[in-house]
Amino acid sequence: MSKIVTVIALTAVLSTSLLFPASAAEPKNFNGSWTVELVTESGLCDSRYSYSLAVQEGQVRLKLAVDGTTRITGRVGQDGTVGLNVSNGSTNGAASGRLQAQSGAGTWKVSSLCSGRWTARRLTLTAQGS
């Protein structure tokens with residue numbers, strides 16, 4: 001009898017999760033200002049870099065370039081997946097990772113010159129629909 005009850009309970013749980021998938025119900029909103037710190041773990045780059053980025057409808061842009069030559073472009077998916085291109089003069093690199101509601105983390109690499117990890121922290125939230 002307990003096996004039948006277990007099978008019925010599992011069937012109910014699986015049916016409910018198929019009818020109402022959690023991820024499809026509420027796409028995440030990552031719009032706003034983020035501060036990002038890159039830490040070099042290997043290679044010839046400076047040990048740390050900090051940037052202020054803006055995310056708007058999935059598009060990422062650099063808010064303020066300290067040296068005037070750094071460019072950061074890319075996207076954040078609805079699930080928080082990050083894909084960025086970073087350039088400084090003739091040097092190009094890439095960063096990838098994931099954002100959560102208030103923070104994020106990932107890795108970055110500039111060809112064979114250097115690589116490391118990055119962390120992000122949300123500075124402000126923007127109202128949805130505005």
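The following legends describe close-up views of a predicted model.

Residues are numbered from 1 along each chain as its sequence is written. In this predicted model, local features need pLDDT of at least 70 and side-chain atom pairs count only at pLDDT 80 or more, whereas totals for chains, interfaces and linings use all residues; side-chain values use heavy atoms, with hydrogens and water left out.

**View 1. The chain contains 2 helices and 8 strands.** From the N terminus on, the elements follow the order α-α-β-β-β-β-β-β-β-β. Helices (H or I, at least four residues) and strands (E, at least two) are DSSP runs, numbered from the N terminus. Of the 130 residues, 28% count as buried; buried means under 20% relative accessible area, exposed over 50%, and partly exposed in between (1.4 Å probe, protein chains only). The chain exposes about 8,700 Å², of which carbon and sulfur atoms supply 59%. Accessible areas come from the Shrake-Rupley method with a 1.4 Å probe, and for residues only the protein chains shown count as cover. Among contacts between residues at least 6 apart in sequence, 34% join residues at least 24 apart, a contact being heavy atoms within 4.5 Å.

**View 2. The 8 strands close into a barrel with antiparallel pairing.** The strand order is β1-β2-β3-β4-β5-β6-β7-β8. Neighbouring strands of this sheet are turned by 25° against each other on average, direction ignored. Axes are lines fitted to C-alpha atoms, for helices over the stretch in contact, and angles run from 0 to 180 degrees between N-to-C directions. Strands of a sheet pair through backbone hydrogen bonds, either parallel or antiparallel.

**View 3. Strand β1 pairs with β2 and with β8.** Two strands pair if DSSP finds at least two bridges between them. The antiparallel pairing of β1 and β2 extends over 8 bridges, and these strands form a hairpin with 4 residues between them. Within this pair, Thr35 has Ser52 in β2 as its bridge partner. Antiparallel β1 and β8 are joined by 9 bridges, and Leu38 stands opposite Trp118 in β8.

**View 4. The largest nonpolar core has 20 residues.** A nonpolar core is a set of buried Ala, Val, Leu, Ile, Met, Phe, Trp, Tyr and Cys residues joined through side-chain atoms within 4.5 Å. Leu53, Val76, Leu99, Trp108 and Trp118 touch the most other members. At least two residues of this core come from each of β1 (32-43), β2 (48-56), β3 (59-62), β4 (70-76), β5 (81-88), β6 (91-99), β7 (103-110) and β8 (114-122). Not counting residues up to four places away in sequence, Leu99 touches Phe30, Trp34, Val76, Asp79, Gly80, Val82, Gly104, Trp118 and Ala120.

**View 5. Thr70 lies in strand β4.** Thr70 counts as buried because its relative accessibility is 6%. Its side chain makes a polar contact with the side chain of Asn88 (3.2 Å). A polar contact is a pair of N or O atoms within 3.5 Å; within protein, one must be able to donate a hydrogen and the other to accept it, and residues adjacent in sequence count only if both atoms are side-chain atoms. Thr70 and Asn92, 22 residues apart in sequence, are 9.7 Å apart in space, C-alpha to C-alpha. Strand β4 pairs with β3 in the antiparallel sense over 3 bridges, and Arg61 stands opposite Thr73 in β4.

**View 6. Asn31 is placed in the loop between α2 (22-25) and β1.** With a relative accessibility of 7%, Asn31 counts as buried. A polar atom of the Asn31 side chain lies 2.7 Å from the backbone nitrogen of Glu57.
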